[in-house]
Amino acid sequence: MGTALVTGASAGLGRALAIEIAARGHDVVLVARDEARLQELAQDITRRYAVRADVMSADLADRAQLQTVADRISEVDRPIDLLVNNTGFGINNDFSTGDLATEERAVDVMIRSVLVASHAAAGPMRARGHGAILNVSSVASFAVMGTYSAIKAWTTTFSEVLAVELSGTGVTVTALCPGLIHTEFHDRAHMHMPDLPQRLWLDAHRVAQDALDDVAAGKVISVPSAEYKAMSSALRVVPRPLLRKMSRRMSTSRR
């Protein structure tokens, strides 16, 4: 892993991943909308780890700005050896009564940008015979919890499909499926869950470390923590009608 490009690097898990990558001695390209935060992070990384940290301010819901990032990913002279598709946000709405524009933005940010960036990375990586793509999904991808689950189910399945396609080429693809993480994510989505046990809340830097270890090991699905490993295994074998029934009960209890 020479240079990694991390989207959504200004905060939360993306920031933790960028720091952990730099701590392992690799250059980073930091992508997010908040240029001031990115510049602060780049300076901190350069000072602490003596690696190069470049900044790209971009809104990945904007097709032209996304293409600029994709062009950087596919550069031959400055290859990206690890692509981290991390940009995302929570959706705390019912689809039928919520804002459609928010749903469309979610698809652009969490599906289309992953598709475009992965395509920009996969071809050059395959030609070089090495590289890795880490797509940040969620344990929600195994559940039925609103359109966020649907979006992350796409991310997980897409990662598996691409991993199969690239098998034997020297390029790996990993879907990271964490649960709850102590970041700004839930506050930004106005999701408040004070009654959940503390053991379900994960540390962002520990998740980043485990994820990168799984990337190095070539794992296709990475689920951090024993609790979420057990939960994801259970969700994958529960009959879908029962899973939908459980989701209806949870949705009703939140109203």
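The bend at a residue is the angle between axes fitted to the seven residues ending there and the seven starting there. The model shown is predicted, so local features need pLDDT of at least 70 and side-chain atom pairs count only at pLDDT 80 or more, while totals for chains, interfaces and linings use all residues. Residues are numbered from 1 along each chain as its sequence is written, and side-chain values use heavy atoms, with hydrogens and water left out.

View A. Helix α4 covers residues 100-128 (helices are DSSP runs of H or I with at least four residues, strands are runs of E with at least two, and both are numbered from the N terminus). From first C-alpha to last, the 29 residues of α4 reach 41 Å, close to the 42 Å expected at 1.5 Å a residue; the expected span is 1.5 Å times one less than the number of residues. At Arg112, α4 bends by about 35 degrees.

**View B. The salt bridge between Arg48 and Asp44.** The two side chains meet at 3.1 Å, N to O (a salt bridge is a side-chain nitrogen of Lys or Arg within 4 Å of a carboxyl oxygen of Asp or Glu). Arg48 and Asp44 lie four residues apart in helix α2 (residues 35-49), so about one helical turn separates them. An α-helix has 3.6 residues a turn, so residues three or four places apart point the same way. Asp44 is buried at 15% relative accessible area, whereas Arg48 is partly exposed at 46% (buried means under 20%, exposed over 50%, and partly exposed in between, with a 1.4 Å probe and protein chains only).

**View C. The salt bridge between Arg52 and Asp54.** The side chains of Arg52 and Asp54 meet at 2.9 Å, N to O. Arg52 is exposed, with 51% relative accessibility, and Asp54 is partly exposed, with 22%. Elsewhere, salt bridges that share partners join Glu20, Arg24 and Asp213 into one network.

**View D. Glu20 and Arg24.** A salt bridge of 2.9 Å, N to O, links the side chains of Glu20 and Arg24. Glu20 is buried at 13% relative accessibility, while Arg24 is partly exposed at 32%. A search of the whole structure finds 10 salt bridges.

**View E. Ala226 in helix α8.** Ala226 belongs to helix α8, residues 226-237. Ala226 is exposed, at 59% relative accessibility.
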